[in-house]
Amino acid sequence: MNLNGRRRSSNVEDRRGIGGKAAGGGVIALIIGGIVYMLSGGSLTDYIGQNAGQLLQNSSPLQQTAASAADDEDLAAFSAQILAGTEDVWSEIFRRNGLTYTPPTLVLYNGSVSTACGTGTSAMGPFYCSADEKLYIDLDFFKNMRRDIGADGDFAYAYVIGHEVGHHVQHLLGTLDQTHDRMSRMSQTDANRESVRIELQADYLAGVWARYDNRMFGSLEPGDIDEALDAAIKIGDDYLQTKARGSVAPEAFTHGTSAQRRRWLKAGLDSGTLFGGDTFSIPYSSL
């Protein structure tokens, strides 16, 4: 994606490191030991010579941590730019439809996080909470996409954020809350089907955002759309279930198959209309 010169959203709440463990304790102990050694009359050269093995052992993790931290900061900056793009696009689309868009807050966290919808964890993947109008992302999710399922690329990551913002759009339009209310009165199998409908519509809305973001800012580059469509395939319920256990359980689908997710994301990219992604009025088998 071409994000040169693009602004970053101020609607970002960084909770990374809250409650986390301090890293590098062994190295810190060595540094303190060196200070004590020199204050006692020893030389720094002697201290390094005596502790060379331990210093080398600890230097590699520090380098890895620094590289990981730099990667995280790049992803955080990228996420803030993508969020800003969703703010600009959805504000304009809502205005054209006689509506007012209020942006969500993006919360960055590590491991687990407290939300108005309960405690969220990294294992859940990125998620949106309508009770506090915030979307939550552990940036390690993007690294896991690349490492575990081979879904990589900046537009693939942008699609994930666009999907969660799509849930916020559904919330503002009343669709999300109405669907959750229906789901609370259904059997688990029927509720799962409603979940698939809401998730596929969020995929569609992610496509709508991407279309208009490109129109407003010229953000898409060759290969970007293929990255997102490939990611949609690799986060389909059938793909993930097959990868995890070698078989599929359609009654447990909650987000849609690879083919469905790809289809609705592409429909949003192609049409670009706010109300064109009606996943609720068609038969489930036709999704």
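The model is predicted, and its secondary structure comes to ten helices and six strands. Of the 287 residues of the protein, 44% count as buried, while the protein exposes about 14,000 Å², of which carbon and sulfur atoms supply 53%.

**Contacts along the chain**
- Among the contacts in the protein with a separation of 6 or more, 72% come from residues 24 or more positions apart.

**Aromatic pairs**
- Six aromatic pairs are found in a search of the whole structure, and one of them joins Phe94 and Tyr101, whose ring centres lie 5.2 Å apart with planes at 70°, so the pair is edge-to-face.
- Phe94 is buried, with a relative accessible area of 1%, and Tyr101 also counts as buried, at 8%.
- Ring pairs link these two residues, Phe94 and Tyr101, with Trp90 into a cluster.
- The rings of Phe141 and Phe142 have centres 6.3 Å apart and planes at 70°, so this pair is edge-to-face; Phe141 counts as partly exposed at 23% relative accessibility, whereas Phe142 is buried at 0%.

**Charges over rings**
- The charged end of Arg6 sits over the ring of Phe217, at 3.9 Å from its centre.
- Arg215 lies over the face of Tyr212, with a distance of 4.8 Å from the ring centre.

**A backbone feature**
- Most residues other than glycine have a negative phi.
- Glu133, however, has a positive phi, near 55°, and lies in the loop between strand 5 (127–129) and strand 6 (134–137).
- The relative accessible area of Glu133 is 28%, so Glu133 is partly exposed.

Note on methods: Residues numbered from 1 in each chain as written. Predicted model: local features only at pLDDT ≥ 70, side-chain atom pairs only at ≥ 80, totals over all residues. Heavy atoms only, no water. Helix = DSSP H or I, 4+ residues; strand = E, 2+ residues; numbered from the N terminus. Buried < 20%, exposed > 50% of the residue type's maximum accessible area, 1.4 Å probe, protein only. Contact = heavy atoms within 4.5 Å. Areas by Shrake-Rupley, 256 points an atom, 1.4 Å probe, with all protein chains shown as cover. Phe/Tyr/Trp six-rings, centres within 6.5 Å; stacked < 30°, edge-to-face > 60°. Lys NZ or Arg CZ within 6 Å of the ring centre and 35° of its normal.
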